[in-house]
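Please read it alongside the model.

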Amino acid sequence: MLIDQTSTAATESSETTWRDALANTKTLLAAIDKAIYELSQNNIRSYTINTGQDVQTVTRADLASLFARRTALLQQIAILEARLGIGKHKQVRQIVPGF
């Protein structure tokens, strides 16, 4: 289930916000990966993606858009991980004294 971005707990700090966004993005990625798998491997014509906040039915004809969305989510995850200083693309911060 996706984390509610409007709750007061989600706005406590920017780090909490980035972590919530990362968790949401990973949830969406998992749902899209499952839809891609089901449509590719099984002899079915449609699949329903349910993220807990949104329900969407996709068909085999939607596979190209699912792969494009998957690529975009992977890029978004890399950016969020860099902002949080985790993952393989860690963001580097340089602190220069003001004296």
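Lys26 is partly exposed in this predicted model, with a relative accessible area of 40%. Its side chain meets that of Glu81 in a salt bridge, 3.6 Å from N to O. Lys26 belongs to helix H1 and Glu81 to helix H2 (residues 63–84), so the pair ties together parts that are 55 residues apart in sequence. Glu81 has a relative accessibility of 18% and therefore counts as buried, the cut-off being under 20%.

**Salt bridges**

- The count of salt bridges comes to three.
- Side chains of opposite charge can pair when their charged atoms come close.
- Arg70 forms a salt bridge with Asp33, with 2.5 Å between the closest N and O atoms.
- This pair links distant parts of the chain, since Arg70 is in helix H2 and Asp33 in helix H1, 37 residues apart.
- Arg70 is partly exposed at 29% relative accessible area, and Asp33 is partly exposed at 28%.
- Glu15 pairs with Arg19 in a salt bridge whose closest N and O atoms are 3.0 Å apart.
- Glu15 and Arg19 are four residues apart in helix H1, so about one helical turn separates them.
- Glu15 is partly exposed, at 42% relative accessible area, as is Arg19, at 39%.

**Arg45 in its loop**

- Arg45 sits in the loop between helix H1 (14–41) and strand E1 (46–50).
- The relative accessible area of Arg45 is 74%, which means that the residue is exposed.
- Beyond its neighbours within four places in sequence, Arg45 is in contact with Leu39, Val58, Thr59 and Arg60.
- Arg45 and Val58 are 13 residues apart in sequence, and their C-alpha atoms are 8.5 Å apart.

Notes
Residues numbered from 1 in each chain as written. Predicted model: local features only at pLDDT ≥ 70, side-chain atom pairs only at ≥ 80, totals over all residues. Heavy atoms only, no water. Helix = DSSP H or I, 4+ residues; strand = E, 2+ residues; numbered from the N terminus. Buried < 20%, exposed > 50% of the residue type's maximum accessible area, 1.4 Å probe, protein only. Contact = heavy atoms within 4.5 Å. Salt bridge = Lys/Arg side-chain N within 4 Å of Asp/Glu carboxyl O.
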